[in-house]
Amino acid sequence: MLRDTTLINAAIEQGLLAADEVARLQLQARRERRNLLTFVCFSTRTPLAALYRAYAELHAIVYIDDTLQPDPKRLRKLPRSLSERRLMVPLLIGRGLKEKKLSGTGLQKSGNDGDNTEHTERFILAVADPEDHAGIEQARRILGGNMDVRLALPNTIQRVIEQHSPLVLASATTDGKSSQAKAFDPVALLDTLFEEAYLQRASDIHFEPLKESFQIRLRVDGRLQYYPERLSPADGQSLMSRMKVLAGMDIAEQRQPQDGSMSHEIIETNATFDVRAACLPTRFGERATLRLLGTDAEALTLEQIGFSSTSLAQFRATIRRPYGMVLITGPTGSGKSTTLYSALQEIVGSDTNIMTAEDPIEYVMDGISQVHVSGKVSFASALRSFLRHDPDVIMVGEIRDGETASIALKAAMTGHLVFSTLHTNSAIASINRLIDMGVERYLIGSTLAAVIAQRLVRRLCDTCKEAYEPDAQQKSLLSDVNKEGNDFKLYRPKGCAHCLGSGYRGRLALFETLWIDDAMGELITRDADEITLRQEASHFSSLSQDGRDKLIAGSTSWEELARLSLIGHDAWDMNEKDAESTA
């Protein structure tokens, strides 16, 4: 296995870690007698896989992050003592390949050196330490064939050896149970999952029972990805039981949905985050979803969430008003809460009394009175109580019914600044949604200050994104953004150690903004329909427009906008018609 200092130095050379920060952490780790590599990873929230990728990039070695499929024949030939001691395992990638003779640590041709090509089996030797030349050469002599040496995580290799070793398979055949199942530790695995989710900045962990196995997935940057270890149904049930005990659920109840919560502490850095758990019975057993709350509290700034300079200035002016309502809309998981918390972080101070009603409390903020809405405390009852506590700013986690909407708007009319969220597809649709809830139009027109609809897209990794020339169709669809007709480039993902090979690092929000002025308030009061409101809005910017601006700026990719149907012929035709109607 590679030495800790080797990995850290490679990460510094690749720009993944800052040398001065590593020097500070090194002194602290020595003073507190901590493992340096683990302490650096958790302090900087850098997964170990990123450090291995950085080493692979620095030394031009292929890094494998997929599920490893061992070559059974060669695995039987390679002594298990050698595999476990040197952490190496042969993988099968194809048969009968015609390979040319190559030099170095990559493909090595065996057999007749006088012939430039020959039909032979090619395989990969996954190793945890490419600098272990003696071990690699020993494996080459034992296994023969064309061998391609590649780098993989030590834990991944160890897991393959434990699952596919001939001794383990023979044991499973004779007694029906493998040694891996006997040694399964649900306590350690759950802790490992929380730590990995924390390092990768995952928002959710999914436990999913299948017919013959139990899989785990993490949601990172809005996309689900498999955790490499797939469990047996019995091990999955043990993991579920451990989670339910910590979350305060009934482990004997498996036929009804349950909710619970827990906290987890990262021992290496003393960081603590809350976890909201939900269980649901499915065909093959109980599944669970764990939502990690408050792991990205440091990102709660308006500059980081994606507002354009113009919208940011307008939003800052709006949230400093003494009264009125600001609505953030969008589907579940679109970043509404993050935007609200960022706004509160901007205005919190010793001279401001801020009170919030939330379900659940996702970020604990100093200087703010936060109330958790439960069965005994509803949003409406919390709002009524807030008005007797002399608040300056009120935040309602979500407007779910007409009573809550009416109380919130009346509070905004009587000298309070109110923030809340609503589930609608667009900013202007929020007005009709409030009307459908039974709120009077005059109340909406006189108190609503701004409505912001948002979606999340993945942010291109600034380290590895690559530019390309847009084709004629893309230029045509972006002509309104590039009104001067200048040449421009688009960017696409590539993959590096900084982004763990995905080409994206983090997410940013796309915003549709509607600022309510006197004219717009009058239109709302006079029962104007949605089309009229959109045509007459003088302070309005669409999601599609904001997305194209960020595409041109190189912040996201064409594929991300297409995934949300914000670019393409349908979206363009709609925007063209809107522009013509407005004109």
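User: What should I know about the model before reading values from it?

Analyst: It is a predicted model; local features need pLDDT of at least 70, side-chain atom pairs count only at pLDDT 80 or more, and totals for chains, interfaces and linings use all residues. Residues are numbered from 1 along each chain as its sequence is written, and side-chain values use heavy atoms, with hydrogens and water left out.

User: How many helices and strands does the protein have?

Analyst: Helices (H or I, at least four residues) and strands (E, at least two) are DSSP runs, numbered from the N terminus. Here there are 24 helices and 21 strands.

User: How is burial read, and what percentage of the protein counts as buried?

Analyst: Buried means under 20% relative accessible area, exposed means over 50%, and partly exposed lies in between (1.4 Å probe, protein chains only). The protein has 583 residues, and 48% of them count as buried. Its accessible surface comes to about 27800 Å². Carbon and sulfur atoms hold 47% of that surface. Those areas come from the Shrake-Rupley method with a 1.4 Å probe; for residues, only the protein chains shown count as cover.

User: What share of the contacts joins residues 24 or more positions apart?

Analyst: Contact means heavy atoms within 4.5 Å. Take the contacts with a separation of 6 or more: 66% of them are between residues 24 or more positions apart.

User: Which residues of helix α15 are buried?

Analyst: Start with the general idea. An α-helix has 3.6 residues a turn, so residues three or four places apart point the same way. In α15 (residues 379-386), the buried residues are Phe-379, Ala-380, Ala-382, Leu-383 and Phe-386. They fall within an arc of 165° seen down the axis of α15, so they line one face of the helix. The arc is that of the directions from the helix axis to the C-beta atoms.

User: At what angle do α15 and α16 pack?

Analyst: Axes are lines fitted to C-alpha atoms, for helices over the stretch in contact, and angles run from 0 to 180 degrees between N-to-C directions. The angle for α15 and α16 is about 20°, and their axes are 9 Å apart. The two helices are therefore roughly parallel to each other. The classes are under 35 degrees for roughly parallel, over 145 for roughly antiparallel, 65 to 115 for roughly perpendicular, and oblique for the rest. On the α15 side, Phe-379, Ala-380, Leu-383 and Arg-384 meet Glu-403, Thr-404, Ile-407 and Ala-408 of α16.

User: Which helix pair packs at about 70°?

Analyst: α11 (residues 186-199) and α12 (residues 233-246) do, with their axes 9 Å apart. That makes α11 roughly perpendicular to α12. From α11, the contact uses Pro-186, Val-187, Leu-189, Leu-190 and Leu-193; from α12, Ser-238, Leu-239, Arg-242, Met-243 and Leu-246.

User: Is Ile-394 buried or exposed?

Analyst: Ile-394 is buried, at a relative accessible area of 0%. It lies in strand β15. Set aside residues up to four places away in sequence, and Ile-394 touches Met-355, Leu-383, Phe-386, Leu-387, Ala-411, Leu-417, Val-418 and Phe-419. Its C-alpha atom is 9.7 Å from that of Leu-344, 50 residues apart along the chain.

User: And where is Leu-561?

Analyst: In helix α23. Leu-561 counts as buried, at 0% relative accessibility. Beyond neighbours within four places in sequence, its contacts include Val-457, Leu-510, Leu-551 and Ile-567.

User: Where is Ser-426 found?

Analyst: In the loop between β16 (417-422) and α17 (429-436). Ser-426 counts as buried, at 16% relative accessibility. Leaving aside neighbours within four places in sequence, Ser-426 contacts Thr-329, Ala-453, Glu-512 and Glu-530.

User: Which backbone angles deserve a look?

Analyst: Look at omega, then phi. The peptide bond from Asp-359 to Pro-360 is cis, with omega near -5°. Pro-360 sits in the loop between β13 and β14. Asp-221 is not a glycine, yet has a positive phi of about 55°. Its place is the loop between β7 (214-220) and β8 (223-226). Ser-565 has a positive phi near 55°. Ser-565 is in the loop between α23 (558-563) and α24 (569-582), and counts as exposed at 56% relative accessibility.
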